[in-house]
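Hi everyone, thanks for coming. Please have the viewer open while I talk, and stop me whenever you like.

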Amino acid sequence: MKPNTEVKIGKLTLKNPVITASGTFGYGLEYSQFFDLSLLGAIVIKGLSINPKEGNPPPRIYETPCGMINSIGLQNIGYALFVKEKLPFLKRFDTKIIINFFGENLHEYIELADKLNDTEGVHALEMNVSCPNKNSHWRKMGLIPELLKEAVREVRKVTDKTLIIKLSPQVTDITEMAKICEDEGADAISLINTVPAMVIDIKTRRSVIGNPIGGLSGPAIRPIALRMVWETSKVVKIPIIGIGGITTAEDALQFLIAGAKAVAIGTANFINPISSVEVIKGIENFLISEGIQDINDLIGTVTD
Amino acid sequence: MNKINKLKIIKNQALADGIHLLSLKVSEPLEAKPGQFFILRMNERYDPLLGRPLSIFDLEGEKISFLFRVKGKGTKILSTLTVGEEIQITGPFGKWYPFPHGEFAVIAGGIGIASVFYLIKKFPKKAYLFYGARNLSEILFYEELKDLCKELFIITECGRGEYKGIVTETFREKGLKLNLPIYACGPMVMIKELRKILEENHTHLPCFVAVEERMACGLGACLGCVIETTEGFKRVCTEGPVFKMNELKL
């Protein structure tokens, strides 16, 4: 008998706990040439803002040991074009559509969350608390507890859709940030965003990417992400979506056992476009071979 | 044929210092056009993490070939793979060279020949090829090109070819007056020089250039490989790698 792989994240029921991470899966279309997107638990769309954003000057990526650094700069086509050109295609699939979103200031976060709340075909919102505006004090909303508290509270007021907060690992205590999200009414948290990082070309004595700092992702950060998920799952009751270098079913299972209700596949999509499907199959095979009827019986079962 | 394939290596050979030809056995017919590329994954390990994007050098019958220069960790590993091993390739991706109607001019600098060889082969006896390299040992496939081209100009910096100097200078002298559409691939300095020549001579000949940039996904999702164009950032993997010369910001 096929084991149950359904999990609940806020108001959403996912057919399986495997999601594609924001920024690594485009608008879905790019990967639909490789597999049926309906196989996925959910798709998280590339970070969206109200207005289109051009992103950072190239070079934007650099490979590092077991990982990569990127500074794409949240390039996206903006809300209106997304709804007109990308969402209709995504609606054809039997999966959940989660919109990762951000703004230049809190006002834009609220405005976009409000619009997304009324947008048919959008099932949930994932709030990126890494505000890109260098001139706004909201730039630090993911790093300073007081700012995070206010931001989550205000966004929560305008949406009754499932609200997920995607947290940065660049904090003293991730559990404190997670607790704030829970207290302010968030339905779930995503852990972790990329880790700020740098590589220098010793000949030019410049950073190898334009920005010059980027976000480190890939298997290199996986054990850090896993540790943060484990710590956080002991403190909050809301579901955690584990993210960070997950590439295989075994990686994903570690996160589930550590307490994540779901996992998101990120950089692995770049290594192998069908990674997420392989992870889904691998999880199912594990459940069968271990005789586990329901995936929820596995989640959070790590022992100290 | 689906887009992800595991293919067997039938040849992996050093042709010149640091330049390798990798040939794979294609089990089912493969549709790919000159200028397009594949992502080759070196192995199942995570370091290096990403596959390497390589232009189609040649595709004929049951064989696809890639010509590449060993530049870093990834291409180093590619160069050491042995016959019989399997390698995962994904693609083809990207925009191809618009097909020429009649004769055309090609400018290739060094390893840039990797991107234009298949184009020349698809349209035999139609190309005037200006092929430049540092020295004669880096001029590859001379015999084949001699047969395939309408006319072949070999230019080396050391002078041991027909012409001494840089490829764009010979093109300025002999190529411009042909008044043919131009296809080019080579180092950025060559592309910039070609642009200058075209501008100085007020030519409005169509000119198509294949460019490269570091890539992660290769399929348009990560937005990592953008370059600056007159219409903002464009993805080399999807809107490119072949661009019109006049849309590039150099």
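Let me start with a definition: helices (H or I, at least four residues) and strands (E, at least two) are DSSP runs, numbered from the N terminus. Next, some ground rules. What you see is a predicted model, where local features need pLDDT of at least 70, side-chain atom pairs count only at pLDDT 80 or more, and totals for chains, interfaces and linings use all residues. Residues are numbered from 1 along each chain as its sequence is written, while chains are lettered from A and ligands numbered from 1 in the order in which they are written.

How confident is the predictor? The scores are ipTM 0.93 and pTM 0.94.

Now to chain A. Its secondary structure consists of eight helices and 16 strands. The radius of gyration of chain A, taken over C-alpha atoms, is 18 Å, close to the 19 Å of the globule rule for 304 residues, so chain A is as compact as a globular protein of that length. That rule is 2.2 Å times the number of residues to the power 0.38. Along the principal axes, the C-alpha trace of chain A spans about 55 × 50 × 40 Å.

How much of chain A is buried? Buried residues are 52% of its 304 residues. Here, buried stands for 20 or more other C-beta atoms within 10 Å of a residue's own, exposed for 12 or fewer, and partly exposed for in between, with C-beta atoms placed from the backbone.

Let's zoom in on one residue. A:Val236 sits in the loop between helix 5 (222-233) and strand 15 (240-243) of chain A. Because it has 19 C-beta neighbours inside 10 Å, A:Val236 counts as partly exposed. Which residues does A:Val236 touch, leaving aside its neighbours within four places in sequence? They are A:Ala178, A:Lys179 and A:Glu182, where contact means that the C-beta atoms, placed from the backbone, lie within 7 Å. A:Lys179 is 57 residues away along the chain, yet its C-alpha atom is 6.0 Å from that of A:Val236.

On to the sheets. Strands of a sheet pair through backbone hydrogen bonds, either parallel or antiparallel. In this model, two strands pair if DSSP finds at least two bridges between them. Chain A has an open sheet of four strands, ordered 5-6-14-11, with antiparallel pairing. Strand 5 (61-64) and strand 11 (195-197) of chain A are the edges, each pairing on one side only. Inside that sheet, strand 6 (residues 67-70) and strand 14 (residues 214-217) of chain A are joined by three bridges; A:Ile69 has A:Leu216 as its bridge partner.

Strand 8 (residues 104-109) and strand 12 (residues 182-185) of chain B run parallel over four bridges, with B:Val106 opposite B:Tyr183.

Finally, where do the chains meet? On the chain B side, 22 residues are in contact with 29 residues of chain A. Strand 14 (226-229) and strand 15 (232-235) of chain B each give at least two residues to that side.

Notes. Two residues are in contact if their C-beta atoms, placed from the backbone, lie within 7 Å.
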